[in-house]
Amino acid sequence: NIPEGKVTSGTSGICAFTGSSFRKYIINETVTEIGNYAFFDCEGEIVINSNQLSYYALGGFTSKFSKVTFGENVTSIPDHACLRNTNLTTVIIPESVTSIGDYAFNGCTNMTDLYCYAKIPPSTGENTFDESAYQNVKLHVPTKYQKLYQAVDPWNKFSNFVIDVTA
């Protein structure tokens with residue numbers, strides 16, 4: 001049983017990892033496309049290091065991943081990135097992200113922790129989060145940027161701010 005599955009270059013095909021038993025999936029910087037349902041029925045964690053992904057396929061990250069980490073190379077999170085992933089509990093967004101697309105985390109009803117390390121709150125699209133996120137998710141932000149997050153919509157809708165002194 002291999003603990004990690006790595007997508008290292010080019011594209012991943014249709015159903016490439018469907019049903020795999022890896023605990024962690026890593027998408028490296030050179031990956032440009034992910035095929036339809038490439039991660040369908042996959043569990044565990046996915047780390048996305050590519051900012052070159054021009055297409056997040058159907059079922060791309062809306063699988064059963066419980067943790068999604070966007071790497072330092074990522075500057076934007078596309079529309080529907082994790083839409084309706086009900087297994088998702090933790091999302092980590094690095095300092096480099098400046099925008100998050102429409103419905104990116106909408107319907108992630110079991111998300112408990114969102115770590116956003118951006119110095120300026122990323123712009124968001126339509127319904128990036130849903131109302132349950134604003135009530136139930138703990139938003140972890142860097143201490144010195146808390147006031148910025150509390151002043152900008154939709155970040156100011158989160159009722160559970162956690163000051164992350166390590167950021």
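This is a predicted model: local features need pLDDT of at least 70, side-chain atom pairs count only at pLDDT 80 or more; totals for chains, interfaces and linings use all residues.
Me: Where does Asn106 sit, and is Asn106 buried or exposed?

Reply: Begin with the place in the fold, then look at accessibility. Asn106 is in the loop between strand 9 (99-100) and strand 10 (113-116). Its relative accessibility is 15%, and buried means under 20%, so Asn106 counts as buried.

Me: Which residues is Asn106 in contact with, apart from its neighbours within four places in sequence?

Reply: Those contacts are Leu83, Arg84, Asn127, Thr128, Phe129 and Asp130. With Asn127 there is also a polar pairing to look at: a polar atom of the Asn106 side chain lies 3.0 Å from the backbone oxygen of Asn127.

Me: Which residues of the largest nonpolar core touch the most other members?

Reply: For a core, ask who belongs, then who touches whom. This core has 40 residues, and those touching the most other members are Phe39, Ile93, Phe105, Leu114 and Phe158. Among the elements that give two or more residues to the core are strand 5 (43-48), strand 8 (90-93), strand 10 and helix 1 (131-136). Strand 6 gives the most, with 3 residues.

Me: What does Phe158 touch, not counting residues up to four places away in sequence?

Reply: Phe158 touches Leu114, Phe129, Ala133, Tyr134, Val137 and Leu139.

Me: How far apart are the closest N and O atoms of Lys157 and Asp153?

Reply: They are 3.7 Å apart, and the two residues form a salt bridge. Lys157 is partly exposed, at 39% relative accessible area.

Me: How many disulfides does a search of the whole structure find?

Reply: The search finds 0. The test is the distance between two cysteine sulfur atoms, which must be within 2.5 Å. The cysteine sulfur closest to that of Cys108 is in Cys82, 5.7 Å away, so it is too far for a bond.

Me: Is Cys108 buried or exposed, and what about Cys116?

Reply: Cys108 counts as buried at 4% relative accessibility. Cys116 is also buried, with a relative accessible area of 0%.

Notes
Residues are numbered from 1 along each chain as its sequence is written. Side-chain values use heavy atoms; hydrogens and water are left out. Helices (H or I, at least four residues) and strands (E, at least two) are DSSP runs, numbered from the N terminus. Buried means under 20% relative accessible area, exposed over 50%, partly exposed in between (1.4 Å probe, protein chains only). A polar contact is a pair of N or O atoms within 3.5 Å; within protein, one must be able to donate a hydrogen and the other to accept it, and residues adjacent in sequence count only if both atoms are side-chain atoms. Contact means heavy atoms within 4.5 Å. A nonpolar core is a set of buried Ala, Val, Leu, Ile, Met, Phe, Trp, Tyr and Cys residues joined through side-chain atoms within 4.5 Å. A salt bridge is a side-chain nitrogen of Lys or Arg within 4 Å of a carboxyl oxygen of Asp or Glu.
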